[in-house]
Amino acid sequence: MPYRKVYEHIHARVSYKPERFGQRLMLHDHPKLPPGGLKKQTTKIPWMERAGEVSRFRREHGRFPRGYLDGEQQLYSFLQYQRKQYRAGKLPTVRKSFLDEHLPGWLTPPKKEREDALWTQRVRELDAFLRQYGRIPQYKTAEYPLEKVLSVWVTRQRHCKRLGNLDPEREQLIHKSFPWLLATIHSSAATDGQRGLPVGADNDETLTLSKQGI
């Protein structure tokens with residue numbers, strides 16, 4: 001019988017009749033543990049075989065495995081470990097060469113670089129949206145797939161500014177590219193118009209931007 005099943009049976013019997021506690025130490029109550037204890041035994045897959053699985057996954061799905069999706073965690077963990085090993089200078093040259101050849105783009109930049117690249121991408125996308133549609137992106141009434149994403153991004157920048165967490169370089173770029181984005185609107189629409197600010201920008205209402213606002 002599996003060790004765990006026997007243990008649970010003994011525990012249940014002792015809980016029902018505490019006077020049997022001393023009897024649980026008898027030899028027949030303790031079967032021999034399986035090799036490695038109670039931990040689930042897993043077969044170690046050779047490095048090349050696992051790398052081949054990741055390569056096939058990439059060809060079939062057109063992307064790298066994701067750790068939050070069922071059935072992809074092991075491949076994701078393997079790939080993340082290779083990246084960690086490389087950045088620590090511990091990944092053998094042969095393995096890196098194999099990954100470079102069969103998994104182009106596997107060595108993604110560190111998290112900070114990815115975040116900076118995505119932030120810059122959002123700036124470009126927002127600029128293109130403003131020029132094409134002449135208004136600030138909306139969330140509730142979004143008409144385009146990217147519009148909700150940009151609306152959330154704009155709100156996030158304002159939130160970071162209010163908390164004092166907005167990176168100075170990012171804030172400077174926002175002021176230069178979108179002078180209305182971080183403006184706090186407390187005055188009336190007429191006052192906003194005199195200041196050259198989009199009316200209701202802080203609430204993400206539907207707006208028609210003037211050339212100065214863009």
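This is a predicted model: local features need pLDDT of at least 70, side-chain atom pairs count only at pLDDT 80 or more; totals for chains, interfaces and linings use all residues.

Me: How many helices and how many strands does the protein have?
Reply: Read from the N terminus, the elements run α-α-α-α-α-α-α-α. The count is therefore eight helices and zero strands.

Me: Among contacts between residues at least 6 apart in sequence, what percentage join residues at least 24 apart?
Reply: Contact here means heavy atoms within 4.5 Å. Taking the contacts in the protein between residues at least 6 apart in sequence, the part that joins residues at least 24 apart is 45%.

Me: Are helix 2 and helix 4 roughly parallel or roughly antiparallel to each other?
Reply: Helix 2 covers residues 47-61 and helix 4 covers residues 93-102. They pack with their axes 10 Å apart, at an angle of about 20°. Angles under 35 degrees count as roughly parallel. Helix 2 and helix 4 are therefore roughly parallel.

Me: Is the crossing of helix 2 and helix 4 left-handed or right-handed, and which residues make the contact?
Reply: The crossing is right-handed. On the side of helix 2, the contact is made by Trp47, Met48, Ala51 and Ser55. By class, the contact has five nonpolar, two polar and one charged residues. The residues from helix 4 are Arg95, Phe98, Leu99 and His102.

Me: Is Gln82 buried or exposed, and which residues does Gln82 touch?
Reply: Gln82 lies in helix 3, residues 73-87. Its relative accessible area is 3%, so Gln82 is buried. Leaving out residues up to four places away in sequence, Gln82 touches Trp47, Leu91, Leu99 and Trp106.

Me: What distance separates the end C-alpha atoms of helix 5?
Reply: Helix 5 has 23 residues, so at 1.5 Å a residue it should span 33 Å. The distance in the model agrees with this, at 32 Å.

Me: Which residues of helix 5 are buried, and which helices do they pack against?
Reply: The buried residues are Trp119, Arg122, Val123, Glu125, Leu126, Phe129 and Leu130. An α-helix has 3.6 residues a turn, so residues three or four places apart point the same way. The buried residues of helix 5 pack against helix 6 and helix 7.

Me: How do the residues of the contact of helix 5 with helix 7 divide by class?
Reply: The two helices pack at an angle of about 10°, with axes 12 Å apart, and they are therefore roughly parallel. Glu115, Asp116, Trp119 and Val123 of helix 5 meet Arg170, Leu173 and Ile174 of helix 7. The division is four nonpolar, no polar and three charged.

Me: Which residues of helix 6 are buried, and what is included in their cover?
Reply: Helix 6, residues 147-163, reaches 25 Å from its first C-alpha to its last, close to the 24 Å expected. Its buried residues are Glu147, Leu150, Ser151, Trp153, Val154, Gln157, Arg158 and Cys160. Their cover includes helix 5 (111-133) and helix 7 (168-177).

Notes: Residues are numbered from 1 along each chain as its sequence is written. Side-chain values use heavy atoms; hydrogens and water are left out. Helices (H or I, at least four residues) and strands (E, at least two) are DSSP runs, numbered from the N terminus. The expected span of a helix is 1.5 Å times one less than its number of residues. Buried means under 20% relative accessible area, exposed over 50%, partly exposed in between (1.4 Å probe, protein chains only). Axes are lines fitted to C-alpha atoms, for helices over the stretch in contact, and angles run from 0 to 180 degrees between N-to-C directions. Angles under 35 degrees count as roughly parallel, over 145 as roughly antiparallel, 65 to 115 as roughly perpendicular and the rest as oblique. A crossing is left-handed if the near helix is turned anticlockwise from the far one by less than a right angle, and right-handed if clockwise. Ala, Val, Leu, Ile, Met, Phe, Trp, Tyr, Cys and Pro count as nonpolar, Asp, Glu, Lys and Arg as charged, and the others, Gly among them, as polar.
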